[in-house]
Amino acid sequence: MIVLGIETSCDETSAALYSEQGLLAHAVHYQAVHEEYGGVVPEFASRAHMRTLIPTIRYVIRRAGLSFRDLGAVAVTYGPGLVGSLIVGLNVAKGLAVALRLPLVGINHIEGHIFANFLEEPFPELPGVCLVVSGGHTQLVLVRRLGDYQVLGRTRDDAAGEAFDKVARILGLGYPGGPAIEAAAAAGQENAVSFPRGLMENSYDFSFSGLKTAVLYYHRALSPQEREKRLADVAASFQKAVVDVLVAKALRACQEFGVRSLSVVGGVARNRRLRRALEELAAETGIPVFVPKPEFCTDNAAMIARAGFFHLLHGVRSDLRLAPAPSLNLDSRYLPTD
Ligand code: KG4
Ligand code: ZN
């Protein structure tokens, strides 16, 4: 069974093909239009998906040496995300399902991120803890089995990636902020400024807005010359504060639940400082740590096709009334048809 995966929940237009043989082809179309606005403009995102989704699907089918007739099913993100962006992907998925008489399965985008570590063996052993850190979400999830999740904690304000994006804006760096901060931090001292670590004790919830405000006040108090001189130190100290909180909470959850693996997924998992901290954690504790290849950390349809393949094999189908669910949660015993 060849599953076409479609992902359009935010500002990445992506298609992929996954089968018993693994990932056959995938492509992500990055929407540069948002850069000059310093963040995603929802209407522009929908319009860009309209223009590029079908060419992206055609491209992956051609890359795999296949035709539309070879497809066995369609898996599509139906939430959480921007409603206008989700609608574009859903309607294309439904059109293909009707025209080609294929089963359709709606995928929770957060669950998709969890499947990014199941594209290539070795897979994480379960039960495991999965930390989902992206621009829209920061959640610590207990993965009992694939398809069976318990959210242990989530952010009470900004997501980790959102904190990178907002701090990058404060520091006058570009969008998306994560890669810009990481690049600026490379030349800095990470203990130069002591920024606060939010909600460190007794909770698996996260809070990054206090950290963001601390960076804002620190930056405002500097003269323009000092701002330039201190930029690398501020970026490195901020990055370290985020990494410390993420790693500490993930480790505590692993120990409390006695799991067999830790996975970290989502756009922020691309961050090399975080990846280094996770390698150190694995070496010190012996907990096997899994992080997807960078291209499968940020939004992509490979993870959606993979999650769809799993659910379809278990007999899950969505009907053609499937509607976008902008604030969909990843609940325990989650089923895509709910
Ligand atoms: O998973 P993703 O593509 O989209 C959502 O589902 O939200 O994540 C995008 C987020 C952005 O906030 C971006 O700044 C962040 O991931 N990001 C990074 C890095 N690369 C992307 N954050 C820190 N370091 C990076 N290298
Ligand atoms: Zn995402």
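This briefing looks at ligand 1 and the residues around it. The model is predicted. Ligand 1 is surrounded by 21 residues. The space it takes is the largest pocket.

**The shell**
- Among the 21 residues that surround ligand 1, the closest are Gly135, Gly136, Asp165, Glu182 and Asp299.

**Where the shell comes from**
- Three helices each supply at least two residues of the shell: α3 (109–115), α4 (160–170) and α5 (177–185).
- Helix α5 gives the most, with 4 residues.

**Polar contacts**
- Glu182 has a polar side-chain atom 2.7 Å from a nitrogen atom of ligand 1. Glu182 is also listed among the closest residues.
- Asn271 places a polar side-chain atom 3.0 Å from a nitrogen atom of ligand 1.
- Gly136 uses its backbone: a polar backbone atom lies 2.8 Å from an oxygen atom of ligand 1.

**Cover**
- On its own, ligand 1 has 560 Å² of accessible area. The protein covers 91% of that area.

Terms used. Residues are numbered from 1 along each chain as its sequence is written. Chains are lettered from A and ligands numbered from 1 in the order in which they are written. This is a predicted model: local features need pLDDT of at least 70, side-chain atom pairs count only at pLDDT 80 or more; totals for chains, interfaces and linings use all residues. Side-chain values use heavy atoms; hydrogens and water are left out. A residue is near a molecule or strand if one of its heavy atoms lies within 4 Å of it. A polar contact is a pair of N or O atoms within 3.5 Å; within protein, one must be able to donate a hydrogen and the other to accept it, and residues adjacent in sequence count only if both atoms are side-chain atoms. Accessible areas come from the Shrake-Rupley method with a 1.4 Å probe; for residues, only the protein chains shown count as cover. On a 1 Å grid over the protein atoms alone, a cavity is a set of points where a 1.4 Å probe fits but cannot get out, and a pocket is an open set with protein on both sides within 12 Å along at least five of seven lines; lining residues have an atom within 4 Å of a point. A molecule sits in a cavity or pocket if more than half of its atoms lie within 2 Å of its grid points.
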